[in-house]
Amino acid sequence: MRIFCLQVFYALVLCCLSQIVRAQCEVDAGQDIEICAGEAVQLGGSPTVVSGDNPVINWNNGLGNDANPMVTPIATTTYTVNLSADAGCNTNDQVTVMV
């Protein structure tokens, strides 16, 4: 009986661990950068969505869901990209553009 219980417990642990692993996701907003006034810069990493099943991204500051939006800030601005993916994965990253 003990061997059977251990096998069931082991199977449940593996099932739970596989769910945890699948819930991982990662997003990259890119490196902080300094620009001159009037210059444009592209945000996001390469790639912006590093991992996540069926990812949906959204940038703050009205930038929407483009993976690598172009911005021309008139003052130093921090941008946040949010990532949602399958299995309840939610994460974010920030990049600062210094003018």
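Predicted model: local features only at pLDDT ≥ 70, side-chain atom pairs only at ≥ 80, totals over all residues.

Q: How many bridges join strand 7 to strand 8?

A: Nine, and these two strands run antiparallel. In strand 8, the residue opposite Leu83 is Thr91.

Q: What lies between strand 7 and strand 8 in their hairpin?

A: Three residues. Look at Ala87 in this hairpin: its phi is positive, near 65°.

Q: In what order do the strands of the sheet stand?

A: The order is 2-8-7-5. These four strands form an open sheet, and the pairing is mixed.

Q: Why is one side of strand 2 and of strand 5 left without a neighbour in the sheet?

A: Because both stand at the edges. Strand 2 (33-34) has a single partner strand, and so does strand 5.

Q: How do side chains sit along a strand?

A: In a regular strand they alternate between the two faces of the sheet. Now turn to the nonpolar core.

Q: How many residues does the largest nonpolar core have?

A: It has 16. Those with the most contacts inside this core are Leu43, Trp59, Tyr79, Val81, Val95 and Val97.

Q: Which strands each supply at least two residues of this core?

A: Strand 5 (56-59), strand 7 (77-85) and strand 8. Strand 7 gives the largest share of the core, four residues.

Q: What does Trp59 touch?

A: Leave aside residues up to four places away in sequence. Trp59 then touches a list of residues, including Leu43, Tyr79, Val81 and Val95. Ala29, Gly64 and Pro69 are also among them.

Q: Is Thr96 buried or exposed?

A: First find Thr96: this residue is in strand 8 (residues 89-98). Then check the cut-off: buried means under 20% relative accessible area. Thr96 has 18% relative accessibility, so it counts as buried.

Q: Which side chain makes a polar contact of 2.9 Å with that of Thr96?

A: The side chain of Thr78. Not counting residues up to four places away in sequence, Thr96 touches Asp32, Ile33, Thr76, Thr77 and Thr78.

Key
Residues numbered from 1 in each chain as written. Heavy atoms only, no water. Buried < 20%, exposed > 50% of the residue type's maximum accessible area, 1.4 Å probe, protein only. Polar contact = N/O pair within 3.5 Å; in protein donor to acceptor, adjacent residues only side chain to side chain. Contact = heavy atoms within 4.5 Å. Core = buried A, V, L, I, M, F, W, Y, C linked by side-chain atoms within 4.5 Å. Pairing = 2+ DSSP bridges.
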